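Please consult the sequence and the structure shown here while reading.

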Amino acid sequence: MSGRQNDVALDAGRSGLEGLGRERRAAGRCDTESRDGGRRSDACRLTDAASFLDAVQARVAESLAFAADAGGVVTAGLPSSALVEASSLETLVRDLLAAGGKLVRPRLVRLGYLAARECTNPDDDPATTDAVVRVAAAFELLHLFGLLQDDVMDASDTRRGAPTAHHQVRAAAAQPDGPDAARLGDSVAVLAGDLAFALANRLVRALPEHVADAWDAAVVELVTGQRLDLVFAAEARLDEVSTRRVAHAKSGAYTVQRPLEIGALLTGGSAPPAWLSRFGAALGEAFALADDIIGLWGEPAVTGKPAGEDLRERKPTTVLGLADSALDGELTRRLAPGREPLDEAETHAWLQRLDVAGVRAQAVARIAERHADALDALAALPQGAVRDELTRFADELAVRDA
């Protein structure tokens, strides 16, 4: 293609990006008012969970469409290939999103806002509604960022019952005279995570300063927790203090507590209600413990991951912290750096030992305790639909098999 032809293609791409961007942004907004200025009966109301989640998914779709349009400007006029198509970053993010997920974090952003609103009674103006939707969509994109990069760090083969993003790219690149398929797959998956993170930050760009600061702190907390997860796994550090700190930072806080708190800040308050933070911290710990039980004893057909994977990977989970205490450090000694990794038979034998030692029962009991603590914190919230929904959510996160 000549330089003039390429310039024309790039100009066309930019023009299309501007037009499509406007359309995507319009499609992603909560439709809170009719054309005549009146309130619509089918509007995206924060009290209507289903329409709220529809609006969140539209926002995520708009973000991915924006990425596709922006990327299309860069690739305009270039010949495509199977590997170019397989390494499309927005497609990898979209495929992971489509593979499943419960939208836990977006739902908690909404509930955090509604819970705080019960105490302050602000008006749900369209701008506030849109801000809640944008933050909820940002948390979902942040979650996808974490999953994509976590799968590379853990060398995971599957996620949500399907091949992980880096394995998808490896499969497309696996040819005798082709590039280093493993390195390429890992690199592209990391970039897909970077894209999801960039799109999440794009959504929160215009938030009030104190809300943006809370978002930034939550992101730093998440990535610091992930760093400690990697380092402690390398050291086989499985003491209870260390494992609980990792679980809080990279699971309980960013999944439960921070979405609730940041949602609450969108009511205009300078800080979330103390009782809401207590609820989020207790439920977050219960969630992390349930996650760790699933990571050891979960059914592969349900979880999409092999049983005992956390044990084989020496993951510093809270349940393995309990196991290390129950077995007087024997587990840490077996998983110490330099020792042979566990094979499938030994993994199965260790899982049985943990059960016999009462580790799973102890974890289940702690989940029940923290679940009860979360419900006790709800006493500060008036009886009503929001309190009922938070109660159901607590039950859902604490008692589950996937």
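## Salt bridges

The predicted model holds 21 salt bridges. In general, side chains of opposite charge can pair when their charged atoms come close.

One of the salt bridges joins the side chains of aspartate 151 and arginine 159, with a distance of 2.7 Å from N to O. Aspartate 151 has a relative accessible area of 4% and is buried. Arginine 159 also counts as buried, at 16% relative accessibility.

## A link between α10 and α17

Glutamate 240 and arginine 366 meet through their side chains in a salt bridge of 3.6 Å, N to O. Because glutamate 240 belongs to helix α10 (residues 240–265) and arginine 366 to helix α17 (residues 359–377), this pair ties together parts that are 126 residues apart in sequence.

The accessibility of the two partners falls into separate classes. Glutamate 240 is partly exposed, its relative accessible area being 25%. Arginine 366 counts as buried at 18% relative accessibility, since the cut-off for a buried residue is under 20%.

With a relative accessible area of 33%, aspartate 373 is partly exposed.

Salt bridges with shared partners also join Arg59, Glu62, Asp130, Arg134 and Arg202 into one network.

## Geometry and faces of α17

Helix α17 contains 19 residues, which at 1.5 Å a residue should span 27 Å; the end C-alpha atoms are 27 Å apart, in agreement with that expectation.

The buried residues of α17 are Val359, Ala363, Arg366, Ile367, His371, Ala374 and Ala377. Seen down the helix axis, the buried residues of α17 fall within an arc of 140 degrees, and therefore line one face of the helix. The face turned away from the buried side carries the exposed residues Ala361 and Asp376.

## Packing partners of α17

Against which helices do the buried residues of α17 pack? Their partners are α10, α11 (274–297), α14 (318–326), α16 (344–356) and α18 (385–398).

Technical notes:
Residues numbered from 1 in each chain as written. Predicted model: local features only at pLDDT ≥ 70, side-chain atom pairs only at ≥ 80, totals over all residues. Heavy atoms only, no water. Salt bridge = Lys/Arg side-chain N within 4 Å of Asp/Glu carboxyl O. Buried < 20%, exposed > 50% of the residue type's maximum accessible area, 1.4 Å probe, protein only. Helix = DSSP H or I, 4+ residues; strand = E, 2+ residues; numbered from the N terminus. Expected span 1.5 Å × (residues − 1). Arc of directions from axis to C-beta. Contact = heavy atoms within 4.5 Å.
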